[in-house]
Amino acid sequence: MKSAASWSFVDRSGVLLLHFLGMTLHRMSAEVIYKVEEALDEDEKEMILFLCRDIAADIVPLNVRQLLDILNERGKLSGMGLAELLYRVRRFDLLKRILKMDRRTVEAHLLRHPQLFSGYRVLMTEIGEDLEKSDVSSLLFLMRDYIGQSRVPRDKSFLDLVIELEKLNLIAPDQLDLLEKCLKNIHRIDLKRKVQKYKQSAQGAETSYISALQASLPNLSLKDPSCNLRLQNGESNEQRLSVGQPDTQTESVKISVQESGTSLPQYIKERYRMQSKPLGICLIIDCIGNDTEFLRDTFTSLGYKVQSFLYLNVDSMIQIARRVACMPQHQDYDSFVCVLVSRGGSHSIFGVHQRQPGCPLDQIWRMFTGDVCPSLLGKPKLFFIQNYVESEGQLDSSSLLEVDGPAVNNVESKARQPEPCTIHQEADFLWSMCMANVSLLERSSSSRSLYLRYLSQKLGQGRRRPLLELLVELNDIVYDWNSRVSAEERYHVWQQHTLRKTLILSCT
């Protein structure tokens, strides 16, 4: 029998856990954003604007309050995201006073979950904090040789200089030699070593740079958080890992460049091999029954071998997903697609039975990780989910998936093991999930998903274009729709990926 003290500890832990989960899942109130912005000084505000340049590439904010408000409205600023911001600018007092969190809690979260801000931007802010005014003045002078005197920002900060260098493609996450040289010239060997340490860590096979076109969206957690890449409205840089498989096509790919002028890294030209016939298996599970026909036509026309199933319960969904994961044909195909349409919750789908807990969403995608389905290792695995939920509150979650549990290990693939390589088991996934109010189905029994309808349209019309560009345009369509309809008619899309190369679905 537990003592009263033991029960008290459990109760307090439960309260802290609930508070932590609430901070992770829900958007921030205007009052919290106001209090945080009001307490920051100008240097800290500059750091925040710089840190957020990647996750807010399409935003031109007038100030920090406006930036945080826009990210919040888009569902991209959870409590933990704001906590990480305050942690990065070292305002631990605001963490405790406003967010009711301490430094250790944030550090523990960052160890277990993908970080919102790239290691590169964090490095730049840390260097900026450590530089003396005389150091910054010296750097500004030295940079005249590279960017011209007229472009050197006068009486500006180190971060202003970095932004100018980024526009000229003189500095980037994988391009730090110039900065390293200049730090050496001004005798800041300590900071030069800091850059070298970052460069060494960035050379690892599973280091990620969250680009300006990848945002804080549903948490498709990986065993190694550094593998995580995410997508927002905008174009996308993709992650390059050291790969030992000959599945790369190298050719010039038309990619839009950010308005800031920052050029895309060279490795964006690497493409997934998409030449097999068929391109792969497309598994469609439609528990509503309104979207199967046009989805089948879309993916068949793209070159996929479609297997569709209607009106399944949870057990049948799991059995079919396991069976498909075990199919030896994957070793001969170049990709895999799964489309799920169902009623559900923020973390699960219910199938034809509207009872919780349903089928956990993480259980579905984990069936296709490299350790469980080795014949798909190194190949793109695409998941498109339309989930209709009962509660409007569930639609506001900025972290829909909690998938830190053990991988599904009861799927035994009989496919031939691939050659040893350095690809992470959970690389090469794309997860696009749309949630809508179940009342949309109640209004019309034949109602089709706006998200799936426009997804199908984009895939059909843009098969020769990078998939991430198409999803950006899909996001814009959904945002436009949401601006013109009532809250109950809105669609909420979260997209995230661990793709390492450009993906173009056309097999020609």
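Arginine 121 lies over the face of phenylalanine 50, at 4.6 Å from the ring centre; a charge is counted as over a ring if NZ of Lys or CZ of Arg is within 6 Å of the ring centre and within 35 degrees of the ring normal. The charged end of arginine 448 is likewise placed over the ring of phenylalanine 294, 4.1 Å from its centre. The model is predicted, so local features were taken at pLDDT of at least 70 and side-chain atom pairs at pLDDT 80 or more, while totals for chains, interfaces and linings use all residues. Residues are numbered from 1 along each chain as its sequence is written, and side-chain values use heavy atoms, without hydrogens or water.

Helix H2 (residues 30–39) has Val32, Ile33, Val36 and Glu37 as its buried residues. Buried denotes under 20% relative accessible area, exposed over 50%, and partly exposed in between (1.4 Å probe, protein chains only); helices (H or I, at least four residues) and strands (E, at least two) are DSSP runs numbered from the N terminus.

The largest nonpolar core has 61 residues, of which Leu99, Met124 and Phe158 touch the most other members. Such a core is a set of buried Ala, Val, Leu, Ile, Met, Phe, Trp, Tyr and Cys residues joined through side-chain atoms within 4.5 Å. Beyond its neighbours within four places in sequence, methionine 124 is in contact with Phe50, Phe158, Leu159, Val162, Ile171, Leu176 and Leu179. A second, separate core of 39 residues includes Cys282, Leu468, Val478 and Leu499.

Nine aromatic pairs were counted, a pair being rings of Phe, Tyr and Trp (its six-membered ring) with centres within 6.5 Å; planes under 30 degrees apart are stacked, over 60 edge-to-face and the rest tilted. The rings of phenylalanine 299 and phenylalanine 384 have centres 6.4 Å apart and planes at 40 degrees, so this pair is tilted. Both phenylalanine 299 and phenylalanine 384 are buried. Phenylalanine 383 and phenylalanine 429 form a stacked pair, 5.9 Å centre to centre with 20 degrees between the planes.

Conventions: Contact means heavy atoms within 4.5 Å.
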